[in-house]
Amino acid sequence: MIADLFNLFFPKTCVTCNKTLLKNEDLICLFCRHQLPLTNFHLDNENTVKKVFYGRVPLVNATSLLFFYKKGITQRLLHALKYKGEKEVSAYLGSWTATELEETNWIKDIDVIIPVPLHKKRLKKRGYNQVEGFGRTLANHFSIPYESNVLIKKSATRTQVFKGRLARAVIKPHHFSLQQKEKITGKHILLVDDIVTTGSTLETCATILQESPDVKISVATMAITI
Ligand SMILES: [Zn+2]
């Protein structure tokens with residue numbers, strides 16, 4: 001009753017279209033929910049996300065829940081998540097992804113879920129890592145540990161890479177480091193992020209995770225740019 005009254009004066013609105021939500025709607029109105037373009041990539045082992053990483057880093061599985069078109073509904077949804085403080089969008093998409101993955105054996109041999117980290121300055125500014133709700137919801141749903149202290153983002157740094165006789169300077173725009181690497185040795189990691197565009201951030205993260213012996217990596221994201 002109090003909740004109903006509160007809702008009367010401060011109605012909840014859809015995060016993508018701003019229309020007032022009905023009682024049975026949560027976060028996103030049903031109209032918008034039906035507009036969201038599902039990829040169904042989890043049903044296809046040689047899908048577009050996996051192909052993004054061919055020849056770059058070996059992945060067991062890869063999927064994204066939604067297609068992301070410029071100026072499309074997924075863009076509005078992720079914009080709300082990243083820039084308008086709508087952090088619940090993250091868990092919402094995690095829950096949806098969990099339901100989709102239940103149809104397959106996709107997640108059965110995942111041992112740990114690890115998010116692409118944010119640099120602590122960005123974390124402070126936004127107040128949350130936009131992928132945390134997504135990763136934690138998947139982890140809770142399938143009773144898999146969620147580990148956010150293994151992969152750490154450091155500030156942009158120049159690193160010297162020596163390969164055989166050729167020494168070259170490489171600038172890594174996103175510099176990540178691996179902590180307590182023994183924690184993930186021999187494990188199948190599900191690396192989670194909000195969106196795949198060029199795939200370079202996920203590629204860098206996956207490569208760093210491979211510094212621990214015998215790891216296998218799969219990737220799940222909320223969306224993929226088309
Ligand atoms: Zn809506």
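Trainee: How many helices and strands make up the secondary structure of the chain?

Mentor: This is a predicted model, in which local features need pLDDT of at least 70 and side-chain atom pairs count only at pLDDT 80 or more, while totals for chains, interfaces and linings use all residues. Residues are numbered from 1 along each chain as its sequence is written. Helices (H or I, at least four residues) and strands (E, at least two) are DSSP runs, numbered from the N terminus. The secondary structure of the chain comes to eight helices and eight strands.

Trainee: What percentage of the residues of the chain count as buried?

Mentor: A residue is buried if 20 or more other C-beta atoms lie within 10 Å of its own, exposed if 12 or fewer, and partly exposed in between, with C-beta atoms placed from the backbone. The chain has 226 residues, and the share of them that count as buried is 32%.

Trainee: In what order do the strands of the open sheet of four strands lie?

Mentor: Two strands pair if DSSP finds at least two bridges between them. The edge strands, each pairing on one side only, are β1 and β2 (112-115). The pairing in this open sheet is parallel, and the order of its strands is β1-β8-β7-β2.

Trainee: Which residue is the bridge partner of Ile195 in β8?

Mentor: Strands β7 and β8 pair in the parallel sense over eight bridges. On the other pairing, six bridges join β1 to β8, where Ala62 has Val219 as its bridge partner and Phe68 stands opposite Thr225. For Ile195, the partner in β8 is Ala223.

Trainee: Is β8 largely enclosed by the rest of the structure or largely open, and how many of its residues are buried?

Mentor: Strand β8 has 10 residues, and most of the strand is enclosed by the rest of the structure.

Trainee: Why do the buried residues of α4 line one face of the helix?

Mentor: In helix α4 (residues 73-83), the buried residues are Thr74, Leu77, Leu78, Ala80 and Leu81. The arc is that of the directions from the helix axis to the C-beta atoms. Seen down the axis of α4, these residues line one face because they fall within an arc of 150°.

Trainee: Which strands do the buried residues of α8 pack against?

Mentor: In helix α8 (residues 200-209), the buried residues are Leu202, Cys205, Ala206 and Leu209. They fall within an arc of 100° seen down the axis, so they line one face of α8. Contact means that the C-beta atoms of two residues, placed from the backbone, lie within 7 Å. The strands packed against are β3 (151-154), β6 (175-178), β7 and β8.

Trainee: At roughly what angle do the axes of α5 and α7 cross?

Mentor: Axes are lines fitted to C-alpha atoms, for helices over the stretch in contact, and angles run from 0 to 180 degrees between N-to-C directions. The axes of α5 (residues 88-101) and α7 (residues 132-142) come within 7 Å, and their crossing angle is roughly 40°.

Trainee: Which strands does α7 lie across?

Mentor: Helix α5 lies across β1 and β8, at about 125° to β1. Helix α7 runs at about 175° to β2, and the strands that α7 lies across are β2, β7 and β8.
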